[in-house]
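Dear colleague,

Please look through it first, and then read the notes below.

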Amino acid sequence: MNRITPLRRFFHGGALEHGVSRAAPVPDAGMLPRECDVVVIGGGFIGCFTALALAERGLRVTLCEKGVIAGEASGRSIGWIDSQYLSPRKMELIDCSKRLWERMDERIGASTGYRRCGLLSLFKSPDDADAARQWLASVQGLPGVDAYLVDAREAASLLPAGADTRHGGLYQPSDACAEPTLAAPAVALAAGRLGANVLQHCAVRGIECQAGRVSAVHTERGRIAAQAVVLAGGAWSPLLARRLGLPLPQLMAFGSAQRIRPAVAGPDTSAWLAQGIYRANGDGSYTVGAVNGAAPLTPTTLRHLWQMLPAIRQMWSQVDPVFSLDTFLHDLKHLRGWPLDGPSPFERCRILQPETRHGVLRETLGQLQAHYPLFADARVEETWAGALVSTPDNMPVISGVERMPGLFLGTGFYYGLTMGPAAGQALADLVSGRTPEFDVHPYRHERFVDGSALQFQA
Ligand SMILES: Cc1cc2nc3c(=O)[nH]c(=O)nc-3n(C[C@H](O)[C@H](O)[C@H](O)COP(=O)(O)OP(=O)(O)OC[C@H]3O[C@@H](n4cnc5c(N)ncnc54)[C@H](O)[C@@H]3O)c2cc1C
């Protein structure tokens with residue numbers, strides 16, 4: 001197998017391609033309203049779950065998506081709903097989310113592909129077992145944690161034949177998965193049935209404030225007056241926030257994945273192996289992700305570099321810095337700003353689609369094939385890439401904005417499929433003045449501006 005040289009790696013995987021959605025299409029809804037109670041910006045997991053929760057409360061919601069529902073990160077994820085090795089500070093939110101996922105299909109009357117399939121992280125050495133014990137101790141007694149160590153025999157029963165299970169693994173039965181191409185579209189449709197106005201190809205160019213509070217959004221189709229706006233724009237949130245002079249540091253990385261189909265079906269458990277990560281899709285195919293992502297060097301990255309240093313240091317082993325002149329210039333162009341009555345960057349890029357790192361995917365598959373006979377003749381059915389985002393402390397933002405009443409942020413999600421249902425519920429709570437089910441203090445926006453010492457949370 002040809003290994004990819006570091007220089008090739010640096011100049012590959014950082015470009016943007018013409019965006020094509022992987023997600024199930026959602027039919028276009030009605031007309032642009034002149035006013036509503038809440039505008040949700042972004043039709044990914046966070047925007048869709050928020051719109052659903054708001055519509056369930058009887059609020060008049062308009063969701064504006066510049067491209068199509070789940071066209072960006074949310075339609076491109078691996079599909080894991082899990083909490084293994086994540087920071088104890090995230091357990092309450094994830095527990096809440098996992099419980100919401102369990103009854104999601106019933107709640108929306110449609111399939112999100114949700115399955116409780118369990119997740120096994122296989123140990124490569126006794127050191128991995130020690131790390132798992134430490135993590136288990138750090139989350140002991142916290143809600144939703146049911147992970148335990150498994151020995152070689154139990155690990156082997158959960159994996160395809162050929163696995164070197166001698167060091168055992170960490171298994172969490174409540175970890176689950178959903179189908180990213182189905183989930184957000186199904187949630188958006190359910191929100192629509194409850195009266196939410198789901199508008200696609202409707203970019204928000206800017207947020208208007210009057211007397212210091214949010215009063216409207218300006219879209220490419222016209223103005224919508226609203227007392228509350230939820231910004232759930234994924235990788236684009238900082239750009240829209242910048243227009244309001246709001247600091248919102250986020251780092252973007254590109255991840256590649258592929259769906260493969262072995263000749264015969266294998267075990268149904270999802271797994272994190274030395275050779276890669278995969279989700280068993282339940283139909284005999286597997287979604288396999290490359291462990292390493294690509295972090296494109298852009299003017300925005302350089303602007304946030306200082307604030308993002310803690311995250312960069314922690315994630316260094318999992319992301320390769322890459323450079324693409326096109327992506328650099330694309331980002332530079334956006335920083336100049338735009339008028340509300342002309343095309344904005346959001347219309348120029350309807351679907352953000354990074355270049356797929358085929359070489360890295362081939363390497364990952366080659367390694368799986370070398371170790372697991374099940375995958376030896378696996379057919380590659382599809383490859384894709386998507387953008388992941390993180391914040392300086394790797395905690396998402398689920399928050400109102402102190403200096404701008406009426407504005408709410410649901411962004412910075414590295415684990416948005418896992419966290420989406422609880423984040424949407426909490427955002428709807430914040431908008432409607434209720435107390436969220438979990439403590440949202442760690443997710444407040446103010447931490448980026450009030451001098452809080454930010455510590456990276458896995
Ligand atoms: C390869 C890969 C694997 C992943 N695997 C997992 C996993 O296994 N488990 C997990 O939990 N997470 C996973 N993730 C992360 C997860 O997909 C994201 O955290 C999640 O999709 C983020 O959702 P979002 O709604 O914040 O952003 P997005 O899905 O990016 O949605 C934001 C939307 O806002 C729209 N938008 C932006 N600006 C505007 C505007 N001005 N006007 C109108 N619309 C706008 C965009 O078009 C976009 O559709 C993975 C991600 C990738 C790329």
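Two strands are said to pair if DSSP finds at least two bridges between them, and helices (H or I, at least four residues) and strands (E, at least two) are DSSP runs numbered from the N terminus. This is a predicted model, in which local features need pLDDT of at least 70 and side-chain atom pairs count only at pLDDT 80 or more, while totals for chains, interfaces and linings use all residues. Residues are numbered from 1 along each chain as its sequence is written.

Strand S2 (residues 38-41) and strand S13 (residues 228-231) run parallel and are joined by four bridges, with Val39 standing opposite Val229. Both strands belong to an open sheet of six, in the order S9-S3-S2-S13-S23-S22, whose pairing is mixed. Strands S9 (197-199) and S22 (397-400) stand at its edges with a single partner strand each, so one side of each is left without a neighbour in the sheet.

Val229 also touches Ile41, Ile207 and Leu407, among others, not counting residues up to four places away in sequence; contact here means C-beta atoms, placed from the backbone, within 7 Å.

Elsewhere, strand S15 (residues 270-273) is joined by three bridges to the parallel strand S5 (residues 119-122), where Leu120 stands opposite Ala271. Three bridges also join S15 to strand S16 (residues 276-280), which runs antiparallel to it, and S15 and S16 form a hairpin with two residues between them.

Note on methods:
Two residues are in contact if their C-beta atoms, placed from the backbone, lie within 7 Å.
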